[in-house]
Amino acid sequence: MPATRYDPISRALHWLTAIAVTVAFVLGPGGFGRMMRKGIDPATRLDIVWHESLGLLVLALTLVRLVWLALRPDRPRFEMAAWMHRLSTLTHVALWALMLALPATALLALGSEHHPLTLLGGVRVDEFPWIAGSGLGEAADWGDVHGLLGDVLMWLAGLHAVAALYHHFRLRDGVLAAMLPWRPRG
């Protein structure tokens, strides 16, 4: 009998990632580089410390999810129009790529602008010598790229959520119920 729900590990990783991404986005300080150039120590800003810590958590969760993707039981399959299936696949690939690209662009921004990485627990990495002064580090304003990709991720995640609600309330096909952390009634 085909699965009607994602396995518990997939569901837990999905929702932990969604929460971490959302909170990191909300706490993402605008004008980060400007603050650092004015001499503000990021370790004194709890929003920055949480943002950077959650960013690395998102990276770790994404890598774990990619490994689990190869090992997990079969995922549920749903009947839907071919265009919906293609759009779903494209959206998921874009979300995965963004969750990997955002931490990478954050590290490129920190390294190329000589800003420290500050994490919960007082962990601090002051320099990224392999980025500072490198061709890649100088290839773009990575802080701007990071901000843009963060906005794109949130818009795409919002559309992903709207599509799940459409499947749930309009199509009633079980797509959203398959990923909910609780077993839906009915």
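This is a predicted model: local features need pLDDT of at least 70, side-chain atom pairs count only at pLDDT 80 or more; totals for chains, interfaces and linings use all residues.
Residues are numbered from 1 along each chain as its sequence is written, and side-chain values use heavy atoms, with hydrogens and water left out.

The chain holds 5 helices and 2 strands, taken as DSSP runs numbered from the N terminus (helices H or I, at least four residues; strands E, at least two), and from the N terminus on these elements follow the order α-α-α-α-β-β-α. Of its 186 residues, 35% count as buried, that is, under 20% relative accessible area with a 1.4 Å probe and protein chains only, where exposed means over 50% and partly exposed lies in between.

A nonpolar core is a set of buried Ala, Val, Leu, Ile, Met, Phe, Trp, Tyr and Cys residues joined through side-chain atoms within 4.5 Å.

| Core | Residues in core | Among its members |
|---|---|---|
| Largest core | 13 residues | Val 21, Val 58, Leu 98, Met 99, Leu 153 |
| Another core, apart from it | 12 residues | Phe 32, Met 35, Leu 117, Leu 119 |

In the largest core, which has 13 residues, two or more residues come from each of helix H1 (8–27), H3, helix H4 (82–112) and helix H5 (142–171), and H4 gives the most, with 5 residues.

Leu 66, placed in helix H3, counts as partly exposed because its relative accessibility is 32%.
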